[in-house]
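Hi,

Here is the structure I promised to pass on.

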Amino acid sequence: MRNFFEDALSGRVDEMIDACTRCGKCVEACPVKTPAGITAPAQEVITGVIDILRTGDGPAASRRWASTCMLSGDCIKACDEGVNPRFLLAMARLAMAKATTAPRDQRREGVEQFRKLNLDVTVQSRMQLSDEALSRLGQKVAAGNPGRESGSDVAPDFVFYTGCNLLKTPHIALLALDIMDALGVSYQVMGGPTHCCGVGQLRTGDTAVSANMAENTLKKLARSGQVLSWCASCQVQFTEVMLPAYKREVGSRPFEMTPFMRFLGERVDELRPLLRKPVPMRVALHRHPGIPGVVEAAIALLAAVPGIELVDLGQPAVGLMSNAMRTLPDYKKKLQLQELEAARDAGVDALVAVYHVDHRELCAHERDWPFQVLNLLEVVGASMGLAYPDHYKRLKLLQDVDLIMAECHDLLAHHGIGDEAARVSIKAMLEDQPLPLQGKAHAQEAR
């Protein structure tokens with residue numbers, strides 16, 4: 001049975017198919033086409049994608065292009081007809097999932113993925129945070145009291161939407177809140193698995209559950225007409241899939257969503273007087289171009305910090321975030337290694353990432369290379385006199401489940417997290433390492 005969400009998506013797809021001229025510029029602009037081994041003519045590839053959208057199947061090259069998409073967004077800029085090829089590729093993947101997987105299996109896979117997400121976010125945040133910090137991030141605490149989402153009756157200037165996985169690296173989220181406090185804006189924090197964007201369910205083909213989850217979150221986020229998003233994946237899911245579908249159904253959007261980094265970049269002049277402490281470092285920026293304006297905002301923020309020297313490593317900028325590159329794992333490892341080597345050769349003091357996902361994947365490499373791995377807000381915060389310990393990196397550098405369990409014993413017990421759940425999640429944390437560490441011998445040589 002179809003639902004209104006599927007009807008809205010289908011209507012948007014039909015409109016874009018009608019507008020598409022099959023010129024192939026989107027395929028030609030794609031940075032993943034060559035590493036994915038797509039050699040068919042661009043016009044044939046995009047025509048095949050339209051076949052997939054209509055029937056659930058198409059030529060091998062078109063299926064390959066849709067399946068290896070890293071959401072870099074170059075295709076959107078290349079289109080002269082106002083079509084969003086990134087959205088069409090997401091819908092092509094949805095069509096392929098529906099054509100090859102039974103609805104029961106779609107539902108089961110989506111449930112399993114969500115349960116894993118919920119476990120990992122819950123355990124990894126609580127093995128780092130006190131009740132007070134969890135409450136500040138809008139999460140329920142050990143005593144069962146709600147976090148700050150309940151708030152007052154006065155609508156805030158913004159809702160700060162963490163998404164789910166930012167809570168695994170909570171020092172980044174806490175720095176974001178402190179910076180907003182310093183800017184004098186009011187906000188309400190929402191996020192975690194209870195505020196899921198539904199992207200996982202959409203990937204499995206379960207549009208009904210995806211729509212229900214997203215609509216539930218949309219209603220919560222509508223507490224303010226302006227939402228600041230941290231997660232690039234949530235940003236794309238809401239602004240390119242869910243909000244347009246919602247508007248098509250009800251006639252209006254409940255809020256506008258702005259990436260947090262772009263929000264800060266637009267206020268760099270307000271921030272500048274607060275950047276009082278010099279941070280004498282040579283840094284390189286780990287870049288992903290998927291959300292327009294984010295890299296530019298990050299560069300502007302780093303340039304505003306006194307003492308910072310920004311070094312361009314000349315490396316390819318691909319993908320929405322690091323996890324979007326999982327579609328070509330060998331290519332991803334190659335790019336990460338090239339960047340680490342370039343950072344070493346350039347003699348930087350730190351490799352600085354924007355997103356939480358990038359930080360999780362890169363931070364343990366600090367052990368083996370002669371520079372730090374930091375989040376951009378740590379650099380900005382240092383100049384403002386703001387800092388939080390990066391417990392995630394500290395724990396991950398231990399590289400041992402038992403050592404991490406022992407280190408977090410008191411917090412795990414306080415939050416009522418059993419040993420089995422903790423072990424499963426800690427193991428997942430250590431496995432969140434696409435490019436293997438170099439090993440102890442290399443680490444000693446690097447020092």
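This is a predicted model: local features need pLDDT of at least 70, side-chain atom pairs count only at pLDDT 80 or more; totals for chains, interfaces and linings use all residues.

Four strands form an open sheet in the order β2-β1-β3-β4, and the pairing is parallel. The edges are taken by β2 (187-190) and β4 (256-259); each has a single partner strand, so one side of each has no neighbour in the sheet. On average, neighbouring strands are turned by 30° against each other, direction ignored. β1 (residues 158-161) is joined to β2 through 4 bridges in the parallel sense, and Tyr161 has Met190 of β2 as its bridge partner. Lying across β1, β3 (226-229) and β4 is helix α12 (residues 232-250), which runs at about 155° to β4.

Next, a helix pair. α7 (residues 103-126) packs against α22 (residues 419-431) at about 95°, with the axes 9 Å apart, which makes the two roughly perpendicular. On the α7 side the contact uses Lys116, Leu119, Asp120, Val123 and Gln124, while α22 brings in residues including Ala421, Val424 and Met429. By class, that contact has 7 nonpolar, 2 polar and 2 charged residues.

Finally, the cores. The largest nonpolar core has 126 residues, and Trp65, Phe160, Phe238, Phe260, Met261, Leu376 and Leu377 touch the most other members. Helix α9 (residues 170-183) gives this core its largest share, 9 residues. Apart from that core lies another, of 28 residues, with Met127, Leu340, Val348 and Val401 among them.

Cheers

Methods
Residues are numbered from 1 along each chain as its sequence is written. Side-chain values use heavy atoms; hydrogens and water are left out. Axes are lines fitted to C-alpha atoms, for helices over the stretch in contact, and angles run from 0 to 180 degrees between N-to-C directions. Angles under 35 degrees count as roughly parallel, over 145 as roughly antiparallel, 65 to 115 as roughly perpendicular and the rest as oblique. Contact means heavy atoms within 4.5 Å. Ala, Val, Leu, Ile, Met, Phe, Trp, Tyr, Cys and Pro count as nonpolar, Asp, Glu, Lys and Arg as charged, and the others, Gly among them, as polar. A nonpolar core is a set of buried Ala, Val, Leu, Ile, Met, Phe, Trp, Tyr and Cys residues joined through side-chain atoms within 4.5 Å. Buried means under 20% relative accessible area, exposed over 50%, partly exposed in between (1.4 Å probe, protein chains only). Two strands pair if DSSP finds at least two bridges between them.
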